[in-house]
Amino acid sequence: MKTLPLSARLATAALLCLATHAGAQTWPGKPVRLVVGFSAGGPTDVVARAFAEHASRVLGQPVVVDNKPGANTILAAEAVASAPADGYTLLMAATNHTMIPALYSARVKFDAVRSFAPICTLAVSPTVLVTGPAMTAKTLNAFMQQVREAPGKRSYGTPGTGSSGHFATEQFLRMTGLTMNHIPYKGAAQVVTDVMGGQLDSSFATLGSVLPQVQGGKLTALAVASPRRSSLLPNVPTFAEAGVKGYTADAWYGLLAPAGTPAGVLQTLEKVAAQFNEQAGTVAKLQSLGMEPQHSCGSAFGADMERDAKAYTQLARALDLKAE
């Protein structure tokens, strides 16, 4: 094949750059689809709809939420990973996205990290250890002592095997050398009900799922698994403050695009996300759900995803966890 002269190759490269820049400048020229791997009404969906409303105003094009539940969010992630990398199909992901490699690596047709371009996290909901009437502990140390005195007998409930609550609890147990009895459910609501009723001893739950019950005195929050105390529970210490250093288990919600999406489009979306996080209405909306705004973008967000995926995979192998 005949090689083009250097001047021609440079001219071609320049034209390609101009075309890419022009494409980014004209984006979006049609509605954008924001795929959510959960049914309407849950935390991920609520964050997605709040962002979509804001982005529609800023971008001048509708951002339409498309709920695609099923297979523990795999269906939604696969739909976005296989979509054209043009910025018109995005994914509202959550923490469990980085658990996919740990539980479903043999079944999925995409890489949970490399098949996507990280845009920004929008919100975070800390994990909080809560107890009910089955336990008398009012501090983390007292809780750990009661568990230590009855190894493998004290119970914790989760929304299911391989859920974020399951991973969060097992991380805590491995760090502390404690053993407890895992009781998996098919959703978070019944877990909360049974902890309040005394059928379960405890739960490592996302703050949003237990905030009303904690504020109403029906559950006792012993510690928050975040680097800092939550403004929603300012009197509840972090695990580090309560004596378990290095333990965090925040649940994040963030935007992903198909890998290869133009840099200009990603930069625009980062700006839209930053504006979303800065709005007073956003803060109030997220706090009503037990969340706080969070803004980690681009390579920093991607590095966090890669780190989490590796950690969850190692934990799943150590525990011989299998997806249901």
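**Close-up views of a predicted model**

View A. Helices are DSSP runs of H or I with at least four residues, strands are E runs of at least two, and both are numbered from the N terminus. Helix 2 (residues 43–59) and helix 9 (residues 263–278) pack at about 120°, with axes 10 Å apart. A50, F51, H54, A55, V58 and L59 of helix 2 are in contact (heavy atoms within 4.5 Å) with T268, V272, A273, Q275 and F276 of helix 9.

The model is predicted: local features need pLDDT of at least 70 and side-chain atom pairs pLDDT 80 or more, whereas totals for chains, interfaces and linings use all residues. Residues are numbered from 1 along each chain, and side-chain values use heavy atoms, without hydrogens and water.

**View B. Strand 6 is covered on both faces.** Strand 6 pairs with strand 7 (residues 181–184) in the parallel sense over four bridges, pairing requiring at least two DSSP bridges. Within this pair, G157 lies opposite I183 of strand 7.

**View C. Helix 7 (residues 188–197) has buried residues V191, V192, D194 and V195.** Their cover includes strand 5 (127–131), strand 6 (155–158), strand 8 (202–206) and helix 8 (207–215). Just after helix 7, G198 adopts a positive phi of about 90°.

Conventions. Buried < 20%, exposed > 50% of the residue type's maximum accessible area, 1.4 Å probe, protein only. Axes fitted to C-alpha atoms, helices over the stretch in contact; angles between N-to-C directions.
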